[in-house]
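Q: Please guide me through the reading of this structure, one feature at a time.

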Amino acid sequence: MLLACKNYRGKMVSSLCLNSCAVPRAAKQPLSSLIQPHKSPSLLPHKFCISRASASVSISDQKELRSTDLVALEYADLNLTDKISQELGHVRIRQHVNPLSSSFSVPAPVPDWSEVFKDPTLPLMVDIGSGSGRFLLWLAKQNPDSQNYLGLEIREKLVKRAEFWVKELALSNIHFIFANAAVSFRQLVSAYPGPLMLVSILCPDPHFKKRHQKRRVVQKPLVDSILTSLMPEGKIFIQSDVVEVAEDMRKQLDAESSALQHIDMVDPSVLCDDEGWLLNNPMGIRTEREIHAEFEGAKIYRRLYQKKRN
């Protein structure tokens, strides 16, 4: 049953009323060259889907389903506790900060990678703007022995909570750092012993006002740092639910055609729309922002680039 409700902007959107939380998922294969195969790699592209059929979250009969319920179902396998939130106070995922502020100008200290990761020589994925960290935690849990994961987040409370969850899950292949990626990315990644295989920038802060667009994370210096550190055939995955932000990131990366090529040029089987946006999410799991945006009927704009070997 579809119900009408208001989203946070006051617009009318549709929501679901469920009799059961066990909703089947449509299979979708992730790019095997991007991440290791998962035991449950699929997700539904439909904006009102529940992509975690095995979720243990209980939803009472006839309860109006909200996007927060979908997030809980998507990440039910992690079985995370929220008790740390009481210690940190209210944590706003979408709170925008000014990365150009002097308070974020000091580079984050480089950790001892042998203390951070069980095996610091494994291929590394870096998620810039890791938010709550659930997305990266899910990937790390799926690939405990084959990859390491590093989340860079500019909101310190989110990092503290994510690190609490890392300990709670007893994962030794993931770490979160409170850092301004524009300032700290190069020195952090250059000190990592293993290869950098993937960088993701997913639904970054949009900074809509023209005078604030210089605050957007994808700028030429950061792109240069990523390209310098990325291994040959390493990948950069970007996405946003704000078309202007997606187009801005795409412009920055398309300008590096001497070093990067879009994935459909490497693998013709990858499906894109007429404007070159990926039709499907290749990661096997959606971010929280992605779930909220799709629930409200928004389109997600995605691009996946691969570094050329020469």
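Predicted model: local features only at pLDDT ≥ 70, side-chain atom pairs only at ≥ 80, totals over all residues.

Q: How many of the eight residues of H10 are buried?
A: Seven of the eight residues of H10 are buried, so this helix is largely enclosed by the rest of the structure. Buried means under 20% relative accessible area, exposed means over 50%, and partly exposed lies in between (1.4 Å probe, protein chains only). Helices (H or I, at least four residues) and strands (E, at least two) are DSSP runs, numbered from the N terminus. The buried residues of H10 are Glu-288, Arg-289, Glu-290, Ile-291, Ala-293, Glu-294 and Phe-295. Just after H10, Gly-297 takes a positive phi of about 90 degrees.

Q: At what angle do H1 and H10 pack?
A: Two packed helices are described by the angle between their axes and the distance between the axes. Here, helix H1 (residues 67-74) packs with helix H10 (residues 288-295) at an angle of about 140 degrees, and their axes are 9 Å apart. Axes are lines fitted to C-alpha atoms, for helices over the stretch in contact, and angles run from 0 to 180 degrees between N-to-C directions. H1 and H10 are therefore oblique to each other; angles under 35 degrees count as roughly parallel, over 145 as roughly antiparallel, 65 to 115 as roughly perpendicular and the rest as oblique.

Q: Which residues of H1 meet H10?
A: Ser-67, Thr-68, Leu-70, Val-71 and Glu-74 in H1 meet Glu-288, Ile-291, His-292 and Phe-295 in H10, where contact means heavy atoms within 4.5 Å.

Q: In what order do the strands of the open sheet stand?
A: Strands of a sheet pair through backbone hydrogen bonds, either parallel or antiparallel. In this structure, seven strands form an open sheet with mixed pairing, in the order E6-E5-E4-E7-E8-E10-E9. Two strands pair if DSSP finds at least two bridges between them. Strand E6 (174-178) and strand E9 (260-262) stand at the edges with a single partner strand each, so one side of each is left without a neighbour in the sheet. Direction ignored, neighbouring strands of this sheet are turned by 20 degrees against each other on average.

Q: How many bridges join E4 to E7?
A: Strand E4 (residues 124-128) and E7 run parallel and are joined by five bridges, with Val-126 opposite Val-199 in E7. E7 also pairs with strand E8 (residues 230-240) in the parallel sense, over six bridges; there, Ile-201 has Ile-238 in E8 as its bridge partner. Strand E7 (residues 196-202) is mostly covered, as seven of its seven residues are buried. By contrast in direction, E9 and strand E10 (residues 301-307) pair in the antiparallel sense over three bridges.

Q: Is Glu-153 buried or exposed?
A: Glu-153, which lies in strand E5 (residues 148-153), is buried, with a relative accessible area of 0%. Leaving aside neighbours within four places in sequence, its contacts include Gly-129, Leu-158 and Phe-178.

Q: What is the relative accessible area of Asp-119?
A: Asp-119 is partly exposed, with a relative accessible area of 30%. Its place is in the loop between helix H3 (113-116) and E4.

Note on methods: Residues numbered from 1 in each chain as written. Heavy atoms only, no water.
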